[in-house]
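Let's take a walk through this structure together. Have a look at it first, and then we'll go through its parts.

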Amino acid sequence: MVPITHFLYLAILLFLIGVGGVLLRRNALFVLMSIELMLNAANVALVAFSRLHGNHDGQVFAFFVIAVAAAEAAVGLAIIVAIFRSRDDVDIDDLGLLRD
Amino acid sequence: MNAVPTQDLLWIILAPLCGAIFNLVFGRLAMRKLPDRTAREVVHLVAISAVAIACFLSFSVWWDVMVEGGVRRLVQTVYPWIFSGETMIGFDLLLDPLSAVMILVVTGVGLLIHIFSVGYMAHDPDYHRYFAYLNLFMASMLILVLGKSLLVTFVGWEGVGLCSYLLIGFWFSDEAKASAGRKAFVMNRIGDFGFILGLFALYTVVHSLDVDAIAAVAARGAQSPLVTTALWGVPVATVATLLLFLGCTGKSAQIPLYTWLPDAMAGPTPVSALIHAATMVTAGVYLIVRLNFVFALAPLTMAIVAVVGGVTALFAATIGITQFDIKKVLAYSTVSQLGYMFLAAGMGAWVAAIFHLMTHAFFKACLFLGSGSVIEACHHNQDIRTMGGLRKKMPITAGTFFISCLAIAGIFPFAGFFSKDEILVGAYTYASEWSPLINYLGWGLGTVAAACTAFYMFRLYYLTFEGSFRGDEHTWTHHVAEYPIMWVPLVILAFLATVAGFLGWPHALGEVTGLHLPHVLERWLEPVTATSARFAGPYYVGLRDGGFAHDGHVTVGAEMGFMGVSLGVAVVFWLWARRLYGDGFSKEAEAWKARLGKLYEASLHKYWVDELYDAVVVRPFKFLAKLCYRFFDALVVDGVGVGGTAGLVGWLGDVVRVFHNGNVRRYLLALLVGVGLVLATVYGNPTVSSLEPSAVHRVQSRPDLGGLRTTLGAEPYRIEIGFGSWKKVIDLGPAAPGAAGGER
Amino acid sequence: MNHLLSILLVLPVLGALTTALLPRGEDRLAKGVGLFFSGLAFLVSLPLATAFEAGRAGMQFEERHAWIDRFGIGYHVGVDGLSVWLVLLATFLTPLCIWGAWRAIDHRSREFVVSMLLLETGMIGALVALDLVLFFTFWEVMLVPMALIIGIWGSEQRVKAAIKFFLYTMVGSALMLAAIVYLAVVHYQVTKGTLSFDLADLDRVVLPPDVQALCFWAFVASFAIKVPLFPVHTWLPDAHTQAPTPGSVILAGVLLKLGTYGFIRFAMPLFPGAAAEAAQLLAILAIVGIVYGALVAYAQSDVKRLVAYSSVSHMGFVVLGIVGMTTQGLTGATYQSLAHGLTTGALFLCIGVLYERRHTRALDAFGGVAKVMPIFTAVFMIAMLGSAGLPGLVGFVGEFLIMVGTFSGSAHVLNDPPLLVLVAATGVILGAVYLLHMFQRVMFGPITHPENEKLRDLSLREQLVFAPILALIVLMGVYPKPFLETIDPSAQALAAHFTHKRCASVALARSGASRAALADDFAEACTDPMAVIRAVYGDERAPQVSGFGPAPRQEGPRAP
């Protein structure tokens, strides 16, 4: 059986890739995808622990996360598309409209 | 006592008070709605009848109850005024021989001056206000005199100060007059500050401010707690009397607080006569005699009172010699005569002090009213350099003025002779810790001052009434005539100034002339001075041995000697004044002026005391006020303190702003760094990272806000936080008997 | 009339709601409604004076309901001698202010009336609340309308003044809230599970010295700012100067009193040990305030600022009376609060009259006004003399009681009280100096500005506004009996309670325990509280000795 730590290392790896994406990429689309990656890292960890404890709560919780992530992706993409239409650009460093 | 209903005492006060209220409320209405003449009639009839009622009641109570009925003390409880805890200040009135003398003088002289005012103020537009204030003054003065509790006296004390302020600044459109009023009030307030603190000092020992209660405590003499308890290392009696005496110097214009009185001459002249000569300014003397049993317990204070009185008497007299303003001369004369009274009081000659107070009220009121007539006649000119020869125009005024001059100078047999002589004899023979030095000093000051008095009074008389007129033609020809309403009071006062002295016929004169009159006043006041007369030891108040005294009287020879000296001095200086000023300013007078040089200058400029006070007190005060405001309040407290705090908060905000720039990715980075730090702390720390369960090491946390009860439940629990070697233990929950050693 | 206080609290709110529902622009109507409701509240409050049982110390008109039961927070209101007259002062001054502002407030009258009425509820609530959370709620409720009144209807610098006022006061309240919660938690622990914010319950707790001091100063922070005590007074001149006349009157008349009332009702009895330790410092601050306020008042060229600084001076006397913890001092402090409310209120109204006519507050702009406005002169003078503490007017009674109490009886908490009173009494002189200075500059002298020649004298409305205040100024000075009768028993009880609880605090400290306890636990140890205190502080601090040492022997040099 694959030990729990392997799953956790995978989750950490995925999470860090996500974090790196959010921190380094400037295109809003990539940022959104990186966030999805982080959520999925959490899902991996949840499922792994669920299997370790023989309890299904974690898997159920992962489904919730997927559902929320889907909703988020839908809304986020819609916003990005709307911004792209109005400004021809989705570079997040240039999107300071609400702040300034 | 049954014959007279007890509310009489209260009505003595209420009558003028009602008059004041009437004129304050309706006077203005009357002056506006009624024809001028009628309105004035209404106003002064109300005012005068109010005082007349008070006067009548005073005389009837005095005669019926005290003289005929033989009752020496009348007490009337009106209502409890201020009370709290053990403090109980009743609004009670007391009529005893001392206050009887005072109310007779106050209402009697007051009535005459009210009548005189009708003529003097006849054309003033604020007629009603004038009489309202005057009535208010009478009421306050009577409260002062009749108060049984010293705090009630204090009400009158401040009340007369207020009326004095209002009346000095009566013509307030003139800035200088308004300022004179304010000066009087502030200086009186300085005195009142002493007065009230003196009361507190007495209160700590007596636990009451009732005169009788204080007398009862003081009656124990040297064993009295007034002497045995100390305040700031000095017996309470001394502290209290010194503070009270500060009050007296303010009210009675003694050194160092006398400078307001000459300025107070800015008020209408009848006011000067009533308030600043006859009644209010004598309140200090009254207070000391009223509390003679406490003052007698404080020999130090007595000595100070005597010296201050004597020095003031001489000091003011030397200023009076060179003044040219008729009222200023009289003002300094008043300060000087008040000094005499304090000299007497400080020498334990209580009766002499009250005697002089009474005679002074008569002749000084007469002098002031006379000067009022002169001023009125000379179209409100007060400079004696432009007067002279007025006797031809106003013989009655001149006559009464002359009689009063004789009285104040101490010429036999006018009133001043007897009272002044009694003071000088008392000063010479008084037994004190500092005898005989203080006796020589007191007597010497008094005698020299008497010489000055005779000189400046007759100088004033001759320059005003004799010789030839030095003013302009217009004034002389359009001279205002003497009206009965103004000269009748003068005549009455001059009469009193002539005969009042016989109330204090000295024993020695009886021996010499065979005319054995009783010393009426001494007998009359005997109950008041009885307590202090019993004191022994250092607190003994009485005559010094040494060949002067026998049987409580000074020996005939000694007393005759004193009389001869003072009479001789008075006559000599009278004649000298006549020679120098009998017909205007003579060449000899000018020669003396040149000869005295600087001394003359100093006297003319009142020794520059006003300027000194201005430099030493007024200016530093103003500077301090400005400094407090501009520097301390605006700069230190509000600038550095408040502004600094606000600035610090603002600066911190600016610093923190750098991080809150709205960039989500930067927030995320901060988040990561934070998480990393927390994880490092937890995993770098063996206490927390070792997951060993232990008995005390149980962290409970139920995030149940509503369940505070269960969270803080009966079980104790402990949180330990550690990092490296640093460790903190927090005990929560109810006291755990076993775990009491934890840090709080 | 058991619900009297509740009715009194609700009435102004009701008035505020009614006013808020009026159509915009109906200025006169809004003021009329406000006047009606505040006047009604005054009438309703009158039974407080008539039905109040004199000679009894405890709470009267008490009412208690559960409010947030889960935390032991209750709706508990009541008045005793120390608060009843202040409540009446609040209900008395509010309608007069609304009426007095009839012309001065000419825009947004509706909002103004709403603010005034809410302010009234806040003031009454803070005065009658006997539950600390309830008190705190009302305490904060007062703040907002007052800040609005300053900030909207004030003069040029109004916003700055309003913010200053708001922030200053908030700082204190925050600390006080923390102390209140802490006290409740401690009470919960010592009673083993009763959570309560009721004053009577919390009053049973005795805290160990160090925590007690912390809590005391947390309360003091709040109250001292409100008083205001030197050196946290600088919000007051700004707030007063910028506030519209009715705002100044209420601020001086009632709001400042809540600071001293807080001392009397909460800070002193809850933490007597700490209060006794801090008394000397507070007394010195109070005295510095008296002298300093007077000095600074003299340096002002703005009439309103001058009167504002005079408040600092007068309130110093009140604090002095409180920290001395004598019956006379407490009675005097309460009385002086009333006196200051009336006289300073009247002075601000007078300045309002001048400001309405000339639109300036500079001393230089006046002079000789007495000639053209005789009625106003009389009014102004009585108010001024009352403020200066002339005997026979209201200001004297309180000042006298404060000073006599402190001088003779406060040695159990103060060092050398006679000296303190000596310095404080110079305020009597200085008061005369700056008030007469102001009066002369404004009223006397020749008329130097032609604008002043045609000033209108008081209108009938203005005369009617002044009349009741002046009547009280005179009446309360001449015949204070009805007031003292009700104040005195409560003051006496409080002073005794203070000494007793201080004894418990001393006993707790001596037992070496570091935890809080209930005062009742020390009942036995404190049968003679003064003895305990004397044992700790030494004989010279017992009140009977009054700070006097033995008299030096007087050796008479000779016998007659």
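Domain bounds here come from an automatic or database domain assignment. What you see is a predicted model, in which local features need pLDDT of at least 70 and side-chain atom pairs count only at pLDDT 80 or more, while totals for chains, interfaces and linings use all residues. Residues are numbered from 1 along each chain as its sequence is written, and chains are lettered from A and ligands numbered from 1 in the order in which they are written.

Let's start with chain C. Its assignment gives domain 1 (4-496) and domain 2 (497-541). The C-alpha centres of these two domains of chain C are 33 Å apart. Still, 21 residues of domain 1 of chain C are in contact with 21 residues of domain 2 of chain C, where contact says that the C-beta atoms, placed from the backbone, lie within 7 Å.

Which element gives the largest share of the domain 1 side that touches domain 2 in chain C? That's H19(C), with four residues. Helices (H or I, at least four residues) and strands (E, at least two) are DSSP runs, numbered from the N terminus. By class, this side of domain 1 of chain C has 17 nonpolar, three polar and one charged residues. Here Ala, Val, Leu, Ile, Met, Phe, Trp, Tyr, Cys and Pro count as nonpolar, Asp, Glu, Lys and Arg as charged, and the others, Gly among them, as polar.

Strand S1 (residues 60-68) and strand S2 (residues 73-79) of chain C pair in the antiparallel sense over six bridges; to count as a pair, two strands need at least two bridges found by DSSP. C:Arg64 has C:His76 in S2(C) as its bridge partner. Four residues sit between S1(C) and S2(C), and C:Gly72 in the turn has a positive phi of about 70 degrees.

Now step back to the chains. Two pairs of chains are in contact, and chains B and C share the most contacts. Chains A and C, on the other hand, do not touch, with their nearest C-alpha atoms 27 Å apart.

Between chains B and C, 59 residues of chain B are in contact with 65 residues of chain C. On the chain B side, H7(B) brings the largest share, 14 residues. That side of chain B divides into 33 nonpolar, 14 polar and 12 charged residues.
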